[in-house]
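Here's a quick briefing to read with the structure open beside you. We'll start with one chain on its own, then move on to the interface and a few spots worth a look.

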Amino acid sequence: MLGGGDHKARILVVDDNPGDVELLRMALAEAGVNCDLTVLDNGREALEFVQGRGRFGAAPPPDLVILDLNLPRNDGTEILEAMRATESYAETPVAILSSSSSSREQAKVEGLRVKRFIVKPPDLDKYMRIGVILREVLAEERARGIAEG
Amino acid sequence: MPGARSFADMPIKQKLVSTIVVTTAAALLLSGAGILFADAFLFQRYLRHDLAVLSSIVGDNSTAALAFDDPHAAGETLGTLRARTHVISACIYRADRTILASYRRGGASRPCPPAAAGDEVRATQSSLAVSHPIVLQGRRIGTLVLLYDLGEIGERTRLFGLTILAVLLVSSVIAFLLSSTLRSTITTPILQLAHSATAVSTTRDYSIRARKSSGDELGVLVDAFNEMLEGIQFRDSGLRKALIDRGAALAEAENARHFLETTLGSIGDAVISTDIEGSVAFANPVALALVGWPESEVKGKRLEEVFHIVNEFTRSAVESPVIKVLREGAIVGLANHTLLIRRDGSEIPIDDSAAPIRDASGTIQGTVLVFRDVTERRRAEEVTRRLASIVESSEDAIIGQDLTGMFTSWNRGAERIFGYSADEIIGRSTSVIAGAEQDDEMPGILARIARGERIEQFQGLRRTKSGKLVDVSITVSPIYDELGRIVGASKIARDITEQVRSVERLAQLNAALQRSNESLARSNEDLERFAFVASHDLQEPLRMITIYSQLLVKAYTGDADPRARMFIEYISGGARRMQELLADLLAYAEIGALVDDSRSATDLDLVLAEVKQNLKAAIDESGAQLAADPLPTVIAHRAQFIALFQNLIGNAIKYRSADPPRIRISVQDETGQIRFSVADNGIGIEAEYLEKVFVPFKRLHGKQIPGTGIGLAICQRVVEHYGGRIWVESEAGHGSTFIFTLPATARVRKER
C-alpha cells in the first residue's frame, strides 16, 4: 500500500476546526495513509513552525502540509508565502483545504506552487475521498524524490 | 269604333248631308210604323162592331123564318149577305142546333162553324167566327153564325206599307237636295278662310285679307282673322326697319365688344359677367384659370356651378354674389375668408366684389364679378403675423431703435425685463436703461451697426425702471429698409440673472446627487459583501452538522433507538436544505459582488450546449425537446450565463405539464437591444404571481417540486447586471415564456 510500509509520512495540518481535523484523520486512515499528524490551530503557530521558532525548535520540514486558508491571526496565504520564502520549505508539497469554493480564494494562492486545492465537501463520503487525493500527492512526491535521487 | 272615327273624319258637308237624311228617314219610319199599328188596331175593333151589328140585323130579320121554320125565307135573308164580299159563310141554327138555312160565298166550301152558347166573336188565324143567339119574346129560338175572312186586313196593311216607303224615298231625296245647298253656305267660307291662311303663311304677304260672305259666326271668324293679319303686318314692317338699323349697330357693338374683351383678357383680375338670370355670359382667361373650367363649358352655366365659394372657417356655402347684387341692386364686396373651390376640388382664398350691369335706362341687365387669388398675400400676412406674435411673446426683450438711439419698438419681454411699458419708452433715448458702463460701449456699437455688422451676445448691465441693475446678454443687428439702407438696430436682450442662479443651483444638486449615489453604491456594496461573507461563513458550521449527522447515522445504524435515528435524519435533512439555501444565496450575492470582473466574449451557443449537458439527466428523464435559434456571442461571464440558461431551461423541465416539455429558445434583434425568449408548454403561472416569481426564495410550489426559489432571482440579477430586463408572459395551463433583453452593445461578432 502506498504511504504505508516502513516510511511513516509526516503531515502538518493547519486548521482551526477540530471537526475538520478529525474528519481528515478518518479520511487518511480510510485511504490507508500511514502517517504522523502535527496539528496547529492558528496562523501564528504555523508561521513559527515554518520558520523554526518558538516551541517547535528545529523541526524538520514535513512530507506534506495541509493548509486551511481561513485561519485566525495569520491566514493561510501568509503561511504559504512564508514557506516559499524559507529555503527548507521552498519545495514542500502543499494541499490547500479550503472551506470556500470561491475563485477569489484560489487566486490568492496562485503562483505559490500548490499541489492540490481541495474544497471541504459538505458530505461525508466526499470528505473521505480527500484521503485518497492526499495519498496520491504523497505518492507523486515520493516518485519525484526517487527520480531526483 | 271605326264607324265613329270615319264619321269624325268625314268632311263637314258629308256630315251635314248624312245627318239630315238619317234624321228625316228615321222620323218618317217611326211615324209610318205608328200609323200602321193604330190603323190595324182600330180597323179590327171596327170590324168586330160591324159584324155584331150585321149579325144582329140578319138575326132579327130571320126571327120570323125561324118561328115558322121556313128555310126558304131564312135562305133569302142569308142571301143578303152577298153584298159583304168578305163573309165566307153563314148559318141559322134551330134551337135544337140543326141547320135551318145556310149561305156560302161563291165557290167557298168551308162549313159553318158550330153555334156558341151566347153572343161570341172567336178569332182564328185567317177568319172571325161570330155567333149570335136569335131571341123571340125572351126565348131563344135559334142561333146565327157568320164566318168572316180576315184577308182584308193584310191587304190594307200592305197598301199602307207601300205608301210609307214611297213617302220615305221622296222625302230622302228632298232632304239630300236641301242639305247639299246648305253645305255650300257653311263650308265654302271656311275653306276660303283656310286658303287665305295658307297663302299668308307661304308668301308671308301680310296684306292678304279673307273675304267675308256672311254676317253669322263665320263672318266674325273672318273679321278676327283679318284683324290679326293687320297686327302682324304692322309688326312685320316695324321689324324690317329695325333689322336695317341693327346691322349698323351690330358692327359698332362688335368693335366695342372686341375692345372690352381684349381689355378684360389682359387685366390681372378675374372677371366673370352674368346675365340677369345669373348664367355666365363671359369669363376672362384669369377667371377661367382660377375656376379651372374651359371657356367652351362655362358659357350659359349657372354662376354657382362654376364659381363655388365657401367660408374658409365654417366651410358653409357663401351666398352667390350675383344673387345678392340682383337683390340689392348695389355693388357688394364679398366677405373676407372666402375660399373658391375649383373644378378639381383644390381651394384658393379669394378677394372679390360684384356689381350690377345697367343699361342706358338704368335697368339691371346682369352682373359683373371681379375676384383675385390672395394666396400669396395671405401667406405674407400670415408670416408677418407669426413673426409679430413670436416677437411679442418672446421671453427675451426685442427692441428696435433708430440710428440716433431712440426706441422705435418695445415688446412684452422688454417690458418684463426693464419694467417700462411700450407707451412709456417708445420715442425716448436708449440712455434711459443704460447701466453705468454703457456710455462707453454704445457709440462703438452704433458705429459697427452703421457698417452693417452684427454684434452677438455680449454681456452687460442695464438699469430697470425701478433702478435695479440686471445682467443681460445682448445681440444687436442692423435693420434695413426696402432699399437696403441701414435705418436702425434691433436688440435682443436676455435677462441672464436667473440663468446664472440656475447654473449654480444645478451644480449644487449634482453634487448632492453624486454624494447620495456614492453612498448608495457603498451601502449596496456593503450589503452584497455582507451576504457573501454571511453565506460563506455559515457554510462552515453547517458542513460540520451535515457530516457529523451523517457519521452518526453511519456509525450507529442498527443499534440506535429508531426515534433517535429519525431525529438525526431531521438534523441532516435540515442541514442539507440550509446547505442548498446558502449555496444559492452565495451564488446570488456573487453576481453583484463581482468576485471576478473579467468578462469575455462568451458564445451563447456553447453556453447552451453546456447547459444541456448539465441538465442531461432531467432532459432524458422528461423527454424534453429543445429547439433554439442560433445564439449570439456576448461579452459576459460565462458562469453567469450558464446559471441564467440553466435556471430557465431547468424550470421549463421542472414545471412541465402532462406532456413532454417542448422548449423553444428564440433571439430577435430589436432597436438597441437583443431580445431572448425561452418558451415552454408547461403548467404556466397565474397572472397574480407573474411578478413574484423573481423575488428571492419565493416559491409557488410545495416540496413536491424541489427548489429553493432563488433560480429566477439569480436570472433577474444576472440580466439586470448586464443592463437588461427580464419578465415572464404566461397563463396558467398554457405554458410560460421568459423574456430577457441585453443591450445591443453586449454583442460581439461571432468568430467561426
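Chain A has 5 helices and 5 strands, and along the sequence they run β-α-β-α-β-α-β-α-β-α. Keep in mind that this is a predicted model. Chain A touches chain B through 19 of its residues, which meet 18 residues of chain B.

**Chain A on its own**

- Of the 149 residues in chain A, 50% are buried.
- Take the contacts in chain A between residues at least 6 apart in sequence: 68% of them join residues at least 24 apart.
- The accessible surface of chain A is about 7,000 Å², and carbon and sulfur atoms account for 48% of that.

**Where A meets B**

- About 1,500 Å² is buried between chain A and chain B, with 54% coming from carbon and sulfur atoms.
- The interface of chain A and chain B has 4 residue pairs in polar contact.
- Three helices of chain A, namely α1 (18–30), α4 (103–108) and α5 (124–148), each put at least two residues into the side that touches chain B.
- Among the contributors, α1(A) gives the most to that side, with 5 residues.
- Sorted by class, the side of chain A that touches chain B has 6 nonpolar, 7 polar and 6 charged residues.

**Salt bridges across the interface**

- There are 2 salt bridges across the interface of chain A and chain B.
- Lys120(A) and Glu540(B) pair up through their side chains in a salt bridge, at 3.6 Å from N to O.

**Salt bridges within the chains**

- Counting over all chains, the structure holds 44 salt bridges.
- In chain A, the side chains of Lys115(A) and Glu141(A) form a salt bridge at 3.7 Å, N to O.
- That pair ties together distant parts of the chain, 26 residues apart: Lys115(A) sits in the loop between α4 and β5 (116–119), and Glu141(A) in helix α5.
- Are the two partners buried or exposed? Glu141(A) counts as buried because its relative accessibility is 13%, while Lys115(A) is partly exposed at 35%.
- In chain B, Arg342(B) and Asp344(B) join their side chains in a salt bridge at 3.9 Å, N to O.
- Here Arg342(B) is partly exposed at 22% relative accessibility, and Asp344(B) is exposed at 59%.
- Lys616(B) forms a salt bridge with Asp620(B), with the closest N and O atoms 3.0 Å apart.
- Lys616(B) and Asp620(B) are 4 residues apart in helix α18 (residues 616–622) of chain B, so about one helical turn separates them.
- Elsewhere, salt bridges with shared partners link Asp15(A), Asp20(A), Asp68(A), Lys120(A), Glu540(B) and Arg543(B) into one network.

**A buried threonine in chain B**

- Thr367(B) is part of strand β12 (residues 364–373) of chain B.
- With a relative accessibility of 0%, Thr367(B) counts as buried.
- What does the side chain of Thr367(B) make a polar contact with? The partner is the side chain of Thr274(B), at 2.6 Å.
- Beyond its neighbours within four places in sequence, Thr367(B) is in contact with residues including Ile272(B), Ser273(B), Asp275(B), Val322(B), Leu326(B) and Pro356(B).

Notes: Residues numbered from 1 in each chain as written. Chains lettered and ligands numbered in written order. Predicted model: local features only at pLDDT ≥ 70, side-chain atom pairs only at ≥ 80, totals over all residues. Heavy atoms only, no water. Contact = heavy atoms within 4.5 Å. Buried area = accessible area lost by both parts, 1.4 Å probe. Salt bridge = Lys/Arg side-chain N within 4 Å of Asp/Glu carboxyl O. Polar contact = N/O pair within 3.5 Å; in protein donor to acceptor, adjacent residues only side chain to side chain. Nonpolar A, V, L, I, M, F, W, Y, C, P; charged D, E, K, R; others polar. Buried < 20%, exposed > 50% of the residue type's maximum accessible area, 1.4 Å probe, protein only. Areas by Shrake-Rupley, 256 points an atom, 1.4 Å probe, with all protein chains shown as cover.
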